[in-house]
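User: I have a structure open and would like to talk it through. Could we begin with its charges?
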Amino acid sequence: MPIDAAKALAADPRLGDIGWDHKDIQLYHLGLGAGRPATDPDELRYTLESKLHVLPSFATVAGAGMAMMGGLAAPGIEINLADVLHGGQSIELHRPIPVKGSATSTARVAALYDKGKAAVVVLRTEVADADGPLWTSDAQIFVRGEGGFGGERGPSAKEELPERAPDRIEERHIREEQALLYRLSGDWNPLHADPEFAKLAGFDRPILHGLCSYGMTLKAVVDTALGGDVSRIRAYRTRFAGIVFPGETLRIRMWQEPGRVLVSVTAVERDDAPVLADTVVEHA
């Protein structure tokens, strides 16, 4: 059987040392479109080392980029990576991420769900430094054609949006070369750069990384709804509902509630096609 749930869940966690400094932080922020206008004091928090703060979504690329995908090589999981889709992402922050750090990453398969025609593998990464836990990150990976192994179907993370109008609507344009820059933070999948590879995958042209949309959205929430204070963020989760292309524009709708912001993200140029759904930023 391609997926042996008991074996995968019982496997020893994978340990690794990771590290980052201001250059990694700045590169990641630039890959999200930070620095426009270049001299804006609010943007300098993302681009100038003497004023730098760290957007918590940096946790998805810290140290080794897509190292989390190594969990798909865990004992009990034998799958074709062509059948893999990144279905969702969540981060829980235990304290603000420092501009420079070294830490230990502990990765394991935290859950396996049987969706019938597909399996969902939850890859959990826990990161801690000498001062204690920094963050916990869960990547929900859909594996097409690997369901039917008799496991639990899993919980629903559906978030109902308020019926009232959004409190804020922000638009963020994606530069034509943005996926090429974002790749430098660790996701080298040619789907985001090579037109011929993109066509083989069924797309007219390369698509933007889902985690880039994820980071762009969090930046928009921080800059508008949270007064630019990244330290207020406690957790952030989303479901990847669709694609977006470089050159398009994200429309980010926000509903503010006590302790959290509900978010919907769509592609403006394609009649508000869904990009991110069930998206929540929890904050102090």
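User: How many positive and negative side chains does the chain have?
Analyst: The chain of this predicted model has 31 positive and 40 negative side chains. Lys and Arg count as positive and Asp and Glu as negative, while His and the chain ends are not counted. The centres of the two sets lie 2 Å apart, with each charge placed at NZ of Lys, CZ of Arg, CG of Asp or CD of Glu.

User: What should I know about the numbering and the model?
Analyst: Residues are numbered from 1 along each chain as its sequence is written, and side-chain values use heavy atoms, leaving out hydrogens and water. As the model is predicted, local features need pLDDT of at least 70 and side-chain atom pairs count only at pLDDT 80 or more, whereas totals for chains, interfaces and linings use all residues.

User: New topic: how many helices and strands are there?
Analyst: There are 6 helices and 10 strands, which are DSSP runs numbered from the N terminus (helices: H or I, at least four residues; strands: E, at least two).

User: Which residues does V275 touch?
Analyst: Beyond neighbours within four places in sequence, its contacts include S213, F240 and I243, where contact means heavy atoms within 4.5 Å. I243 is 32 residues away in sequence, yet 5.6 Å away C-alpha to C-alpha.
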